[in-house]
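Dear colleague,

My notes on the contact between its chains follow.

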Amino acid sequence: MAEQTTRTEKPIPSGPLSFLRGGANGNIVRLLLAVIIIFVAMSLLRPDAFLKVRNMQSMAFQASEIGVLAIAIMVTMLSGGIDLSIVSTANLSGIVAGLILGAMVTPDSAPGQVALGMAVAIGAALLVGFACGAFNGLTVAVLGFPPILATLGTLLAYKGLGTAITKGTTIFGVAQSQFIGNGLIGKTVPVPLIILIVVALIMAVILGKTRFGLRLYMLGTNPTAARFSGINNRRVLWTSYVMSGVLAAIAGIIILGRTNAANVDFGGPYVLLSILIAVLGDVDPYGGSGSVWGVLLALVGVQFLSTGVNMLLFQSSGANFFKEFSWGALLLIVLLVNYYSHRAQQRRLMPVAETAAEASALR
Amino acid sequence: MLRKLFSQHEMIILLIVIGLSVAIGLINPAFFTVGNAFQLARAATITGIFSMGVLIVLISGGIDVSFTGIAIFAMYTTVTILANNNYEGGMLLPFVMAAAMGLGLGLVNAFFIAVFRLPTLIVTLGTLSLFRGAMLFWVGSDYFNTIEMPPGMIAYARAQLFPYTMPNGGTTSLHPTIFILLVLAVLVWLVLRYTMLGRSIFAIGGDREAAERAGFNIMGTQVIIYAFVGLISGIGGMIVGALFRQANPFSIVGTELDVIAAAVLGGASLAGGRGSVIGTLLGVVLITIVNNSLVLMGVPSQWQRFVVGMLILLGTGLPLLRAKLAEWRRLRGGGAAEPAAAPVKAR
């Protein structure tokens, strides 16, 4: 008779709580370690430039818009799909906002007029994001398109809409809106960073504490089981793409505020970067697992790396090329590491199953 | 029987191509000139060569967006090496070098996808960045113009097939590259239709687990697929460099969507298990016509992207809609219980 090992094996962590348990396979712990190592390395290599408040602020300015995009792509990845059109949506939203601002606000407008203009512009941008996301959701959830192809198509379609509206030119913002992308609260904290944190908090609550969030994780883990549990897969899926669109619009607003411009060709590498940050942040590309805080940690890591490469390669164009190479390499390395840790975890759990099977076979 | 012929996807695309051509020709008769036809042929040849690789990947249930990165890496590195050594010979060596590099890069893809079973979109997004970043950082980012290109390549670019004198006095012609496309297309068609390798590609795309249980060698097939795509992409990249008589390291990458759209329009499905050479070639023709003729039709160039994007959606949606219609009819007829909705998951 085989002996029954009474092991109190931890349940496989997944869903929003996985972050607290160090990630689905200890990924978060490893990520934290990596981020600390990069930080220490950069501080030692270029203490004069890296450890300044100015640098921290600069990194926060750059990272915030990517962070919002990464959270956006996380939402659709949780469902097992992906939204590749987020950058096009962001740019389109920025263009609409820029146009409205240009029409409603002039350099010598009264503060009330400025506030009204900004409110309308932001509202319109969010509406554009909602519409783009809703259309994505329609194709994927209602019509059953494969998400990759559907969002590849809408990526081009939204970009095309933006091109048609702007005729390829750049839309410029107004000076008053620069506050959103370039302003500082209390002379220290960048406004975009606050926007990112607020967005992250809201999304963490939605994903971790609401019924919708739970349903999304369940849908991503096993759509058939979710359906038979009574979850309206279509509605959950549709909502996730709408959220992705709205988040992309927020990113577009930040970009408009930071660069004071909107153009269909902005943010070329952002899709790859968002996916990299999401996967690095323990989001499972097949769906069902991942948390906002993992994504934020990954964002920090990637930003440190980016800034590090810039500092070490002295801002030359070579720096950009090496960054492109390193992002690709990093993504592949992370995928490999996740693969091995997943396999190791399966092996840890298997002996229990084997024992039970032997036991029943011998009887 | 005629109904069955007309309901085939490839037939529908053919009809759309014919219909579109007639429509464009009515709006602007310049469409129907030999000069325009030859120009379309040149554009379509390059897209067509890349599309053969994309087709195979799509049938196997994956998606490869790194082929443009492989193409530019192979082309630019080859040109750099040859130009720096003052190469004077013909096109054979450049093609061989580019093909070999492409094969090597394709094997990198194969390593991650076949051995580790990682999601193909994300892996190839990563390798696209990896390849291009590596090339720009280590090989260089200088632009080679016509004078600096190896003379053998320039001579190749000037090769002519069926030279034709246009009414305005200039000459135009088909380029021999179209033979490369034809050979490639026939080769792919033969493999897909008449070999076990082709069967296994369809099998993997249709249902990976069933294919595994049936005894197909999944890993081996995938290695061959991605290595082959790399090879084709290397050759394709070399053709781009030769035909455009320049080596711009920032070119080629960014045109992935046209190629993928062509394959999808031609009937290949991202879910895998479907696709054909004829369909893909028709899709290439359709995309080429759309890309090059909107201007002829008086459509402002800024709407072009939007139109292509909507085309992709329509092209993807067509087989899906037809499947849904078929399901509807079955439901009406049989009155059976509602079938479970297909899981909507990307791969």
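A salt bridge is taken here as a side-chain nitrogen of Lys or Arg within 4 Å of a carboxyl oxygen of Asp or Glu. By that criterion, one salt bridge is counted between chain A and chain B. B:Arg132 forms a salt bridge with A:Glu324, with 3.0 Å between the closest N and O atoms.

This is a predicted model, in which local features need pLDDT of at least 70 and side-chain atom pairs count only at pLDDT 80 or more, while totals for chains, interfaces and linings use all residues. Residues are numbered from 1 along each chain as its sequence is written, chains are lettered from A in the order in which they are written, and side-chain values use heavy atoms, without hydrogens and water.

The contact (heavy atoms within 4.5 Å) takes 55 residues from chain A and 48 residues from chain B. Between them the chains bury about 4700 Å² (accessible area, 1.4 Å probe, lost on being put together and summed over both), with 78% of it on carbon and sulfur atoms. A:Leu149, A:Phe321 and A:Leu332 supply 15% of the area that chain A buries against chain B, more than any other three residues.

Definitions and conventions
Buried area is the accessible area (1.4 Å probe) that two parts lose on being put together, summed over both.
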